[in-house]
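Subject: Two-chain model, handover and findings

Hi,

Here is the structure I promised you. Please load it first, then read the notes below alongside it.

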Amino acid sequence: MLSPDPVKSNTSLYAKREPVYPKAVDGPYRRFKWAVMILTLGIYYITPWLRWDRGPHAPDQAVLIDLAHRRFFMFGIEIWPHEFYFVAGLLIMAGIGLFLITSAVGRAWCGYACPQTVWTDLFQHVDRFVDGDRNAQMRLDAAPWSANKVFKRGLKWSIYLAISFWTGGAWIMYFADAPTLTVDFWTGQAAPVAYATVGVLTLTTFVLGGFMREQVCVYMCPWPRIQTAMLDEKSLIVTYKDWRGEPRGSIKKAEKNPGAVGDCIDCNGCVNVCPTGYDIRNGPDIKCITCALCIDECDKVMKAIGRPRGLIDYATLEDCEAERKGEAPRPITKALFHTRTLVYTGIWAAIGFALLFALGTRERIDIKVQKDRNPPYTVQSSGEIRNDYTVKLLNMQARPRDMQVRLEGLPGGKFWTNDIPRTQAARELTVKVPADRVEPLRVYVVAPDGTAAQGFLFQLKALDEEGGEAKAEVKFDSPVEAEEQTQ
Amino acid sequence: MANKRIDEPTGIETVGHEWDGIEELNNPLPRWWVWTTYMTIIFSIGYMIVYPALPMLKSGTEGLWGWSSRGQLAEEMKAGAALRKEASDAIAATPLEALIKDEKLMPLAIAGGAAAFKQNCVQCHGSGAAGSEGYPNLKDEDWLWGGTITDIHTTLEHGIRASDYPQTRTSLMPSFGKDGILTPAQVSDTTAYVLSLSGKHPNDAAAQRGAASFAANCVACHGADGKGLRQFGAPNLTDAVWLYGGTPDKVSASIHKAHAGVMPGWSKKLDAVTIKMLAAYVYSLGGGEESAAAPTTPASGTGNAKP
């Protein structure tokens, strides 16, 4: 055993967190990370404020999850609850997209776009803004409490809190008209759930981004564990090329004895800039979120001492093996396009096209019919047999539409509603359905005496230029069949 | 039992049992757990003081806050009534004929009526309001006493043959056979005639003999054409709806010994708004009649068949 048995030696199994003070770094990957951060935060904070004109009958917020009215608006697309499979499809695409990204470029999601990464990064910038860079942060942390330290901690945590509050506040804007909700929120008129949501999200952002940081990735998040199962020797990861770097030695040593030491001068730059405090030279690990900041730092050092870049670099394990043997490095496109990425792309695109197809061909009208079962039928004084139905006409467009309801089948059958008297019963009826609404109708269908139980159709047709049809098959109950059965 | 010993590596005492060489350390409960237990004990003492808790000989302790589940229910009912106050005030202030045309109030009245119906009416009329033999079907357009909302409302208020309501509606059909007004043969002939009115019996000799006794005994209430008269609550005998059954046996039995169904009045039991809402609900079931057009509408003749 390498270490003494913790049970026998009576030592604690609990490992305290090693604080991480990542050093500021600049380079292409850092700049890419900045761009992703600005893009993702921009999308998150600004999206609810985008407007989209849908006419007088629907909200003008571009992206709106209207839970109260059960509508989901996304720019030109409006989704009703029964069309929720679009959202499910998007979620499946997001999941497969994550698999695709992982199999092509490794943990890029973790390194650049995951909210935990983005907000942690943001908060680490706040640390540097208030406390200074790595060394200043370490000094301040170790220093006893003084007025300066209290001030700096107060300032830093206030900024954390402000960002967290803004984050929680932006979330609720997706669920109601943003300008109205903002006014309601500050005048105390918003729904209690709005305040609770903001409170919870403020707290989670403050704690997860401000204090827990890389522990979320290492201990809480299931995704790194799933990813370790998804990565193989063909996946791009951030790797330290040990055959080139080892054994480590200072520049002086190298001057004295060229050939005995590798390229790594053991400056610890890669560890100092790592947002999770990991030493990539120990090999791939769950702690490495592949943000590539160590590549930026190492390249900078290599350039300064006149050695070739890429001691730490994006590479697949297969490529590393080849390079170790002295073979020429493969182009990066080979790492991107292999069977697995192509299969994922295929599945991802197939679902995407299926959704697009469904979106393009979906009807914006529908009819749902529920039959009264108690009683199944009523005999009229004339001997006619009456069945009652609740018919719902769905107008999924943001404008009022004329629709025609028609009986198909049921010879001699006709119907009336609460709006037209039974003396005017007919086989078809034109209804004006209000914009973006489900219009319920009580429909009383009568058929001549002696009509046997049978099925028939309610046909719905939109009468405007756009058109559209829908139908619902229902049952007509009658005593005729019942008598035949009992005899 | 007494095999307690200090476990060497941990320095903790064992519980003293041993199963196939496996021993258990007697670790103390976590502190937060113990403290939570103490807190719940303290809480329970306070709880017993302010809420009803301890059983006594007759009742129980009432608790300082005076809470009771019955009291809570009463408060919730009051709060519910307060929520509905606006709607029920509006319904109370709206005349019946205006109510059925009010697009906002009518759905509320129907919903309220449906709830009251389930509580008070389903026992006889059935949960689907389709009635059964002897209990009128409220969904059809055949009405003994009229199907306008005002007619329905009047029936609801005062009932049918409700002895404790002076304004109750009563119809009197004699028991022709039982009281010896008609001979059994005449009852049989009258049955044939009555059934022939709705085409259920051929217009044969028996029916023609029955026509004479019908003219002598029945037309006063059921009318010369047998279509009934609503002011007497006399059912239409020419239609397809038979309250007490339309087979020869049943019609004959009804002539022999008359039925006298009873519906309680409700104005002494339910408040005015509830009765109004019930009327709106029954009216909305598919057979309601518009007041002016009612008598001329052929489909809405008269009377549930009640020979």
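Predicted model: local features only at pLDDT ≥ 70, side-chain atom pairs only at ≥ 80, totals over all residues.

**Chain A overall**

The C-alpha trace of chain A spans about 115 × 60 × 55 Å along its principal axes. Chain A holds 19 helices and 14 strands. Of its 487 residues, 29% are buried. Take the contacts in chain A with a separation of 6 or more: 70% of them are between residues 24 or more positions apart.

**The four-stranded sheet in chain A**

One open sheet has 4 strands, in the order E11-E9-E13-E14 (chain A). The pairing is antiparallel. Which strands stand at the edges? They are E11 (428-433) and E14 (469-476) of chain A. Each has a single partner strand, so one side of each is left without a neighbour in the sheet. On average, neighbouring strands of this sheet are turned by 25° against each other, direction ignored.

Now look at one pair in detail. Strand E9 of chain A covers residues 401-408. E9(A) and E11(A) run antiparallel and are joined by 6 bridges. Val405(A) is placed opposite Leu429(A) of E11(A). As background, strands of a sheet pair through backbone hydrogen bonds, either parallel or antiparallel.

Go to residues 63-66 of chain A for strand E1, and to residues 71-74 for strand E2. The two run antiparallel, with 4 bridges between them. Leu64(A) faces Phe73(A) of E2(A) across the pair, standing opposite it. The hairpin of E1(A) and E2(A) has 4 residues between the strands. Arg70(A) in this hairpin takes a positive phi near 55°.

E2(A) also pairs with strand E3 (residues 77-79) of chain A. This pairing is antiparallel too, over 3 bridges. Met74(A) has Ile77(A) in E3(A) as its bridge partner. How many residues lie between the strands in the hairpin of E2(A) and E3(A)? There are 2, and Phe75(A) takes a positive phi near 50° in that hairpin.

**Chain B overall**

Chain B has 11 helices and 2 strands. From the N terminus on, its elements run β-β-α-α-α-α-α-α-α-α-α-α-α. Its radius of gyration is 35 Å, well over the 19 Å that the globule rule gives for 307 residues, so chain B is more spread out than a compact globule. The C-alpha trace of chain B spans about 115 × 55 × 40 Å along its principal axes. Buried residues are 34% of the 307 in chain B. Among contacts in chain B between residues at least 6 apart in sequence, 59% join residues at least 24 apart.

**Helix packing in chain B**

Two helix pairs are listed here. Start with H7 (residues 184-197) and H8 (residues 205-217) of chain B. They pack at an angle of about 100°, with their axes 7 Å apart. That angle falls within 65 to 115 degrees, so H7(B) is roughly perpendicular to H8(B). On the H7(B) side, the residues in contact include Asp189(B), Ala192(B), Tyr193(B) and Val194(B). On the H8(B) side, they include Arg209(B), Gly210(B) and Phe214(B). By class, this contact of H7(B) with H8(B) has 7 nonpolar, 7 polar and 2 charged residues.

The second pair is H2 (residues 69-93) and H11 (residues 272-283) of chain B. Their axes come within 9 Å and cross at roughly 75°. Again, H2(B) is roughly perpendicular to H11(B). Ser88(B), Ile91(B) and Ala92(B) in H2(B) meet Ala272(B), Val273(B), Lys276(B) and Met277(B) in H11(B). The contact of H2(B) with H11(B) divides into 5 nonpolar residues, 1 polar and 1 charged.

**Where the chains meet**

Best wishes

Definitions and conventions:
Residues numbered from 1 in each chain as written. Chains lettered and ligands numbered in written order. Buried ≥ 20, exposed ≤ 12 C-beta atoms within 10 Å, placed from the backbone. Contact = placed C-beta atoms within 7 Å. Pairing = 2+ DSSP bridges. Axes fitted to C-alpha atoms, helices over the stretch in contact; angles between N-to-C directions. Parallel < 35°, antiparallel > 145°, perpendicular 65-115°, else oblique. Nonpolar A, V, L, I, M, F, W, Y, C, P; charged D, E, K, R; others polar. Rg over C-alpha atoms; globule rule 2.2 N^0.38 Å.
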